[in-house]
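Hello,

Here is the structure we spoke about, handed over with notes on its pockets, its cavity and a few places inside. Please look it over before reading on.

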Amino acid sequence: GILLVLVGLMLLVWIKKKAKPYAVDAPECTREIPEGSSPGGAANLFYFYNSGINEKARGRVFSATLMSLAHKGYVRFETDEQKKLVVTIIGNTKNALLTLSEQSFYDMITTVASDSDQKFTMKQFEKYAEEHSKYIDSSIEEFLAQAKREIADRGYYEHRPASLTVSTILGVVGIIAAILILIGTNGWLVYIPLGLFVFGILMIFAASTKTRLSKQGEYDYAVWRGLKKYILEFSSMKEK
């Protein structure tokens, strides 16, 4: 039983070590946004170690995409008489190219704006979304899917290691075997099934290890983290 637990711990440490992120030589702070990037594409990499783009992150991605469209000259931000934000569609004024996800997002907000003289407030957007929920939901899903496609061929992600699949199998088999031995011996054997049970739990825990990024993915991830660090700390650059 003790031997089974020790073997489980050794395998767990080995699997965790194998999944450790690559060490890359990336700048600590970055000023420039990587060329050809979009907020949606970057978010899929930036939130990789946070279990992907959750609901809170989605709001940030939508806001950042809208700001990117403004930066590229497709929309303009204004305020109305009540000092509420107004988004105005102005078309391709800078002759700037949009990424797949930005184009998808732009098509959605253009459709929303077509109901109100090519502009809308956030309240108008919410009202439109309530009345056309199916269209908005499908448009958002398409936007998120396009954001993933943008970086799909950049080699950011490694394939799930076979060791994690084997670990899952060993974990399930270990727990089932422990239960069967306990039942089959009417509790006469205790330490071996107990060791098997702990071994199984350790293997299942090891199997939950997140697949790491590739070296290229880790480098670009570090670049985005460096940009965040610069944005948050640039005001104290002289002190640094």
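**Second largest pocket**

The second largest pocket has a volume of about 270 Å³. It is lined by 14 residues, and those closest to its centre are F62, L66, F105, M122 and F125. Keep in mind that this is a predicted model.

Three helices, α3, α4 and α5, each supply at least two residues of this lining. The largest share comes from α3, with 4 residues. By class, the lining of the second largest pocket divides into 11 nonpolar, 2 polar and 1 charged.

**Helix α5**

F125 leads on to helix α5, which covers residues 122–131. Which residues of α5 are buried? They are F125, Y128 and A129. Seen down the axis of α5, these buried residues fall within an arc of 100 degrees, so they line one face of the helix. The general rule behind such a pattern is simple. An α-helix has 3.6 residues a turn, so residues three or four places apart point the same way.

The other side of α5 has K123, K127, E130 and E131, which are exposed. What do the buried residues of α5 pack against? Their partners are α4 (100–113), β3 (119–121) and α6 (133–150).

**Q146 on α6**

Q146 sits in helix α6. Is Q146 buried or exposed? Its relative accessibility is 15%, so Q146 counts as buried, the cut-off for buried being under 20%. Leaving out residues up to four places away in sequence, Q146 touches L100, S101 and S104.

**Largest pocket**

The largest pocket has a volume of about 970 Å³. Its lining has 25 residues, and the closest to the pocket centre are I33, P39, A64, W224 and L227. The elements that give two or more residues to this lining are α2, α3 (55–71) and α9 (215–233).

Which element gives the most to the lining of the largest pocket? That is α3, with 7 residues. By class, the lining of the largest pocket has 15 nonpolar, 5 polar and 5 charged residues.

**The cavity**

How many cavities of 30 Å³ or more does the structure hold? There is 1. About 70 Å³ of space lies in the largest cavity.

The lining of the largest cavity is made of G36, S37, S38, G41, A42, L45, E150, I151, R154, Y156 and W224. W224 is also among the residues closest to the centre of the largest pocket. Helix α2 (residues 39–46) gives the largest share of the cavity lining, 3 residues. The classes here are 5 nonpolar, 4 polar and 2 charged.

**G8 on α1**

G8 belongs to helix α1 (residues 2–18). Its relative accessible area is 0%, so G8 is buried. Which residues does G8 touch, not counting those up to four places away in sequence? The contacts are F199, L202 and M203.

One more pair is worth a look in the viewer. G8 and L170 are 162 residues apart in sequence. In space, G8 and L170 are 9.8 Å apart, C-alpha to C-alpha.

Best wishes

Conventions. Residues are numbered from 1 along each chain as its sequence is written. This is a predicted model: local features need pLDDT of at least 70, side-chain atom pairs count only at pLDDT 80 or more; totals for chains, interfaces and linings use all residues. Side-chain values use heavy atoms; hydrogens and water are left out. Buried means under 20% relative accessible area, exposed over 50%, partly exposed in between (1.4 Å probe, protein chains only). The arc is that of the directions from the helix axis to the C-beta atoms. Contact means heavy atoms within 4.5 Å. On a 1 Å grid over the protein atoms alone, a cavity is a set of points where a 1.4 Å probe fits but cannot get out, and a pocket is an open set with protein on both sides within 12 Å along at least five of seven lines; lining residues have an atom within 4 Å of a point. Grid points are joined across faces, edges and corners, and a volume is the space filled by probe spheres set on the points. Ala, Val, Leu, Ile, Met, Phe, Trp, Tyr, Cys and Pro count as nonpolar, Asp, Glu, Lys and Arg as charged, and the others, Gly among them, as polar.
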